[in-house]
Amino acid sequence: MMRASEPGVRVAREFGRAMQALHARTGGDAASAAAVGRFAALAWRAADAGHVCVDVDDAAEREMLTLSPVVGPSGEPRPLVLERGALYLHRLWRAETALARAVRALDVAAPLHGCEDPARVVGEVFGRVDADDPQQRALACALLRRLTVLSGGPGTGKTTTLARLVVAFARAVPQARIAYAAPTGKAAARLAQSLGAQLAALDPSGALRARLPAAGQTVHRLLGPRVDDPGCAPMPLDEDLVIVDEASMLDIELSSRLLGSIGPGARLVLAGDRDQLASVEAGAVFADLCAAPLGGVVVLERNYRQQDAPDIGTLAAAIRARAADANVTIDWPATIALAAPEPAAIVEEALHAWRDAFDAVVAGAGPQQVLAAYDRHRVLAAMREGPLGVDALNAAIAVRARRLAAGTGSPDWYAGRLAMVTKNEPGLGLFNGDVGVCVPHRQGGARDADLVVAFDGPAGVRLFPVLQMPACQDAWALTVHKSQGSEFESVALVPAPAGHPLATRELVYTGVTRARRRLSVWGSRDAIEQAALRPTERHGRLAERLAGA
């Protein structure tokens, strides 16, 4: 089902009208003008809903579009392109075709120079040799090929595998230039932090770590300013190895820029979870790559992290299995609470889970302790609006949380407030999705404390005066989309009701897998089972192109 925001619908309508007028002005058949405008609006709405193109199934309609002066065959500089039975906005057609070329160019064997015995190198960093271990296969693949696509859910060892790859690569090529990146600043910082923790065990002396990047960066920052000239090839990156985590969040245009920027002889590792939500913008690139007949796709399935909470992994696996076979029923684990969605009960559960955080704020504990206490629980909702949406739940929690934390300050900023940045501010090192806590802070010998917002990161806690903060919103409850890449000890999941456009397999799976130890679901079992049967559909032809069809 195609969904689009109301502003997006209005923009699509205006685009359609513009294409209809351009069709008429440039000599198009007057009888076809309205239909061309209608298809142009559909193509815009499709992109707004995450699709790369819109299918044109009727042969007569395809013929009519082919004759329009605003619709080009492959490569002509016209606003729309008709190819493979689908109508594209030109920019999305250009991104999809360029991405397919880049993937084919990278999907080749290229043994790493200086690594004559990859099996020995793999055995050294793992401490054993096991050809059947998918983590070892992934590392060997990255040493032997230019493109590796590594998929696995939380706890399957992606970060451990990436850390061992970094060690193996740095040992084999001491002067190698390595970059860590992710689609968002939050995910990039978390990747660097996770890799740092793993590398500390793999490299006790610190000799290798001293040569590696101390921080991650966003893919946008890695690539630099965008050049919109279609005839201008992307500037090749200097790095010998680029690792991108949370790759399921990469849209078709950013993916095209990224893969087109990998330098000659360099390697790219894309890590993510093929079952998670796709990008907000157009495309389902990571899932398409995982399904493509490429030589470097490795899937990790064994869950190591949820051994003490196996029922969460069992539920996630059941959701995936039901998507593949509608006859599979979900045997609901007894340890996962399932209750009717009552906003007041969801709020009470959250406040109880955060009691240590509120006590820490009242006691004047350090910001790291407060943040850690808050991160033990999060409310994740499918919807933003309505009584069970993020906005309403945040408002209800905030009123109670302020009293429990004895928060003083202004109506917007008070001690104990949990806030999420909603606008990138690279100059401050703050990015959309970063979550911090407002705490009092005394400077020097000052009698009174000023309110600051504390963010934890690889380099420790950073403090920002509230007056310096970019646009923010409460972060007691997050949309499942915003939670991608994050994990919490406890999660209260509020799914969309059965039949709702947001009731999809990927959204429910993503919400479930954000929980490490405890999960409660505030919705009906029917909503979960029906959602498991509804995979998100993204129309595009990338899979076709990669399959050689």
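**Reading a domain interface, salt bridges and ring pairs**

Me: How far apart are the centres of domain 2 and domain 3?

Reply: In this predicted model, the centres of domain 2 and domain 3, taken over C-alpha atoms, are separated by 30 Å. The contact draws on 19 residues of domain 2 and 21 residues of domain 3. The domain assignment places domain 2 at 107–302 and domain 3 at 337–533, and also gives a domain 1 at 7–89.

Me: What area is buried between domain 2 and domain 3?

Reply: Interface size is often stated as the accessible area lost when the parts come together. Here domain 2 and domain 3 bury about 1700 Å² between them, and carbon and sulfur atoms give 53% of that.

Me: Which residues of domain 2 lose the most area to domain 3?

Reply: They are Lys-186, Asp-275 and Leu-277, which together account for 39% of what the domain 2 side buries. By element, helix H8 (residues 185–202) gives the most to that side, with 5 residues. By class, the domain 2 side that touches domain 3 has 6 nonpolar, 7 polar and 6 charged residues.

Me: How many salt bridges cross the interface of domain 2 and domain 3?

Reply: Side chains of opposite charge can pair when their charged atoms come close. Across this interface the rule finds 0 salt bridges, while 4 residue pairs, both at pLDDT 80 or more, are in polar contact between domain 2 and domain 3. The structure holds 24 salt bridges.

Me: Which residue forms a salt bridge with Asp-275?

Reply: The partner is Arg-320, with the closest N and O atoms 3.7 Å apart. Asp-275 sits in the loop between strand S9 (267–272) and helix H11 (285–291), and Arg-320 in helix H12 (residues 310–324), so the bridge ties together parts 45 residues apart in sequence.

Me: Why is the pair of Trp-354 and Tyr-374 edge-to-face?

Reply: A pair of aromatic rings is described by the distance of the centres and the angle of the planes. The count for this structure is 6 aromatic pairs. For Trp-354 and Tyr-374 the ring centres are 6.0 Å apart and the planes stand at 80°, so the pair is edge-to-face. Trp-354 is in the loop between helix H13 (343–353) and helix H14 (355–362), and Tyr-374 is in helix H15 (residues 367–374), 20 residues apart.

Methods: Residues are numbered from 1 along each chain as its sequence is written. This is a predicted model: local features need pLDDT of at least 70, side-chain atom pairs count only at pLDDT 80 or more; totals for chains, interfaces and linings use all residues. Side-chain values use heavy atoms; hydrogens and water are left out. Domain bounds come from an automatic or database domain assignment. Contact means heavy atoms within 4.5 Å. Buried area is the accessible area (1.4 Å probe) that two parts lose on being put together, summed over both. A salt bridge is a side-chain nitrogen of Lys or Arg within 4 Å of a carboxyl oxygen of Asp or Glu. A polar contact is a pair of N or O atoms within 3.5 Å; within protein, one must be able to donate a hydrogen and the other to accept it, and residues adjacent in sequence count only if both atoms are side-chain atoms. Helices (H or I, at least four residues) and strands (E, at least two) are DSSP runs, numbered from the N terminus. Ala, Val, Leu, Ile, Met, Phe, Trp, Tyr, Cys and Pro count as nonpolar, Asp, Glu, Lys and Arg as charged, and the others, Gly among them, as polar. Rings of Phe, Tyr and Trp (its six-membered ring) pair if their centres lie within 6.5 Å; planes under 30 degrees apart count as stacked, over 60 as edge-to-face and the rest as tilted.
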